[in-house]
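User: Please go through the structure shown here with me, taking the contacts between its parts and then some details of the backbone.

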Amino acid sequence: MSELLQEDDPATNENGPLVEVNGLKTYYDTGGLFGSNPVKAVDGVDFAIDRGETLGLVGESGSGKTTLGRTLVQLESATEGEVLFDGTDVTTLSGSDLKNWRREAQIVFQDPESSLNHRMTIGEIIREPLDVHDWPNFSVAVDDPEDRSVSVSGDGIRADPNESADITVELAGAGPSIAVRDALAMNADSVDVSVSEQSSSVSVSVSVAVSKAQLRRAHVRDLLETVGLREEHYYRYPHQFSGGQRQRVGIARSLALEPEFVVLDEPVSALDVSVQAKILNLLEDLQSEFGLTYLFIAHDLSVVRHICDRVAVMYLGHIMEIGETEELFQNPENPYTYSLLSAIPEPDPTADRERVTLRGTPPSPRDPPSGCPFSTRCPVKIRPEAFRDVDEHTWESVETLREILRERENREMGVRDHAKALLGLETGFEDFVDVAEEVFTRNGSLEAEGVATEGLDDSARIERALDDIDPVAREPLKETIELVLADKESRAHELLVETFESDCGEQSPEHHSVSDSGRTSYCHRHRSEFDDTAVAFDDLLSSAE
Amino acid sequence: MATPVSQTTTESPLLSVKNLQTSFFTDKETIRAVDRISFDIHRGETVGIVGESGSGKSVTARSIMGLVDSPGRIVGGSVQFSDVDTVERLAEEYPGQTIDLADIRAEHDPAALIEQLQSREADLSRLNGPGMADRDPVELVREGSVTMGDLVAGGYTDQLGITDEDAYIVRDADDGGFVDITGASEAAYRKIRGRGIAMIFQDPLTSLNPVYTVGNQIKEAIRLHQGLQGDEAHQEAIRLLEAVSIPDAHRRVDEYPHEFSGGMRQRAVIAMALACKPQLLICDEPTTALDVTIQAQILELLMEIQEERDLAIMFITHDMGVIAEIADQVNVMYSGELVEKAPVESVFGAPKHPYTQGLLESIPGRHPDEDRLRTIEGDVPTPNVKPTYCRFAPRCPKAFDACDVVHPVNVDVSEDVDDNHTAACLLYPEDLPESDAVEHHRKRGDGGDDQ
């Protein structure tokens, strides 16, 4: 594929990647009166996409994958970092430069229902980008054996040497010979060229007998056919189409300006599996036909595995792992990738495998955890030395308690809550004994364990609930609960963090290289002093049995 | 996969859908969205329903719940719900529409009734279960495989004028009886929904009211269905939120739906459904809008709840992976019809209907060595005419001439005796030569009732 592309435009720097992203950050809600706490949707990512390659981008909702995709095509502006497209930093482009560049990078949206204007016909929808960009611009390349300076007048403009020209005029021999690019539905007879040659310069005047509107209509018809629709669909409206057909329209629109790079933002998520298969096949055909480079955003991992050459796994604005698809799926190195893959339901009822179910939901990107972004949910988080051997239940209880305190601390207080706090009426923690009981006991409450709670006071209940906890951890936990009950919740949270935190929550990991093919993973576990992810998961699963 | 199916199939099903037919009447055409489908759900069992959009999965669920909106209407068939508690409650409320089987048994002899029916040349095919197609009904009665209950359930006593056609509640001291939900009035439906059958939908936000706290909405269900009030209801609401694994339920109970994440909202909706103490839970694509990690949590939760409460679950989805994970029995729907029905292992291990085969083939990853995904050509047709042909034939790679003129019926294709695997395709039964198989379908197809 990339070979084909290089033949097409020999002037681009063949060997470098098409898209290169360095330290990219996209924040929302920056500035403002109190705006010191933005949503960190994309929080520092680096990667590159080679020409003709399909890079998959997966992650849970809220991981920032869509924002990243939109930033790459400049639908969002980056807060920091650069996006190099063919060596140009597109985050700095503006005005007509930006508009010109937009031809090269297009996007297909997830929901064909809402991304197509219901009041426009299919033909108008696909034609719109052509009208906006005044396609075709009749760029003229003059092939002059004597290499004189060239000026173009009339309908045409001089072609950018980096792009393929609509009309090529060759000056060799008797009279100029004219060639028209295939994408334009006209033949060379419709172009009239007059050339006046001087010794040091050539001026070419071009007049085209076919109207641009005619050419655009023909181009749209071609596109309809390319994406598997029929010519007569030109005059129909989006509501007359099925979901799969609408997605084809969205794809045709994105291809109208002959881009090099297309961001596919969950293009098949809304479709049935049999329709999905057709669209995926179409996307692959188009890629090999036009030499396209894709960024494929999806949450369906089996689709990604099928279509992508490489995959990047995102969590909370960070790329956790990136590498060759098959390698990453067969042997995930990052604990998040491992958990994500483990969650995919396999279409085989006889498959019997150990599953890791992640606890809770991702934290808010407004307030990401310190250290590793995944540290609050990681099933194989590195434990501090003193607690390395406590049982799973104890560790799980500690993590749950931390999560509860963290959430309570971060919750948004309404006017009522503020008023209550001011009056010292209620802190929301008066029921904390119940919570502690639920967290620490194995069965969810003392009652369920057959303990008579009648007549037990709070401290006796806590004492009793802590019986299920490993003795090493009892003392700090008891102290934490007492602090909470004494209304010193932030001190309690601090104590819990101090006691049970490890590198995972304290320092950001590095992107460790984990294979020969250039795969990297963002996790402390790759440091030599710790067990590997796979080993850690094996331990976890065997202890759960 | 929690329950071994063989154990449960011996007892009578909790829900039995027979020849259910729901149509939508528009000026232009009549759309047969659900076209004579039959299946059973047992206690503690998960029955999955799969199919592409437009295949009638959701309409089936809504028909069972009595939620079909105009211009749609149930035009035929029955949905028999055999929960003792529900039967008793309704029988008490609507004595005029209740049939007491004990009374009828005392007055009539089933064999005599059958002879009466035969003399009227009534169609008795509905009595003949699988494997009894060519037997004499009178003999079956003597043997005990056809009972008075079957006669009532089949509507034969209505034909003879013994029972009232409007009566839909059947009380039976022996096995509890059943309610034919399709006959219930709106008021009666309200008694069945929730406590009998509860439903959760794809988008939890549509089931939650944004201006009330989550606890408030759960408490409403508790008050209506369990009769608890005040602090008792509050504690029960917290307990339910804990039961669906919402951490810190004490605080969460006072929060509004917008403060919950997507997965947590779906948990809250499940808690609301559980507050009604249902016997059957209908899940209409409950995980489709969720991330895989959250989906895994919800599926795990549903399986836990099912085991705890011996709940029957009807699970609608288009995701074959989810079905493989959660279902015991699978029903495959295509264009309003049930085209294949089997235990989950057989559907994935040995799919019989070409549609099921195509559906499984198009999942990415089934053929890792192939570059292109396999597809099914064409789209699901709108079922707007009475089927006199196979609706899948235009897209079917194995179609032959007869497919355009003979409507296939569900025939037994089990490889294993206990499998109960059926498929509606003219290629089966496989042991018959093609022309005989077609003849088999033609004959059985003609015998079917029609509206």
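Predicted model: local features only at pLDDT ≥ 70, side-chain atom pairs only at ≥ 80, totals over all residues.

Analyst: Residues are numbered from 1 along each chain as its sequence is written, chains are lettered from A and ligands numbered from 1 in the order in which they are written, and side-chain values use heavy atoms, with hydrogens and water left out.

User: What is the area buried between chain B and chain A?

Analyst: Taking contact as heavy atoms within 4.5 Å, 42 residues of chain B touch 44 residues of chain A. Buried area is the accessible area (1.4 Å probe) that two parts lose on being put together, summed over both. Carbon and sulfur atoms give 54% of the area between chain B and chain A, which comes to about 3,700 Å².

User: Which residue of chain B forms a salt bridge with A:Asp285?

Analyst: A salt bridge is a side-chain nitrogen of Lys or Arg within 4 Å of a carboxyl oxygen of Asp or Glu, and the rule finds 2 of them across the interface of chain B and chain A. For A:Asp285 the closest N and O atoms are 2.6 Å apart, and the partner is B:Arg372.

User: Which domains make up chain B, and how far apart are the C-alpha centres of domain 1 and domain 3?

Analyst: The bounds, which come from an automatic or database domain assignment, divide chain B into domain 1 (5-95 + 183-332), domain 2 (96-176) and domain 3 (345-447). The C-alpha centres of domain 1 and domain 3 of chain B are separated by 30 Å.

User: Which residues in domain 1 of chain B lose the most area to domain 3 of chain B?

Analyst: In chain B, 16 residues of domain 1 are in contact with 16 residues of domain 3. The two domains bury about 1,400 Å² between them, with 63% of it on carbon and sulfur atoms. Together giving 40% of what the domain 1 side buries, the residues that lose the most area are B:Arg32, B:Glu52 and B:Met320.

User: At what N to O distance do B:Asp35 and B:Arg391 meet?

Analyst: Across the interface of domain 1 and domain 3 of chain B, the rule finds 2 salt bridges. The side chains of B:Asp35 and B:Arg391 meet in a salt bridge, with an N to O distance of 3.0 Å.

User: Is A:Gln74 buried or exposed?

Analyst: A:Gln74 has a positive phi of about 60° although it is not a glycine, whereas most residues other than glycine have a negative phi. The residue is found in the loop between helix H2 (65-72) and strand S4 (80-85) of chain A, where helices (H or I, at least four residues) and strands (E, at least two) are DSSP runs, numbered from the N terminus. Buried means under 20% relative accessible area, exposed over 50%, and partly exposed in between (1.4 Å probe, protein chains only). Because its relative accessibility is 11%, A:Gln74 counts as buried.

User: What is omega for the cis peptide bond that joins B:Tyr428 and B:Pro429?

Analyst: B:Pro429 lies in the loop between strand S14 (422-423) and helix H19 (434-447) of chain B. Most peptide bonds are trans, but the bond joining B:Tyr428 and B:Pro429 is cis, with omega at about 0°.
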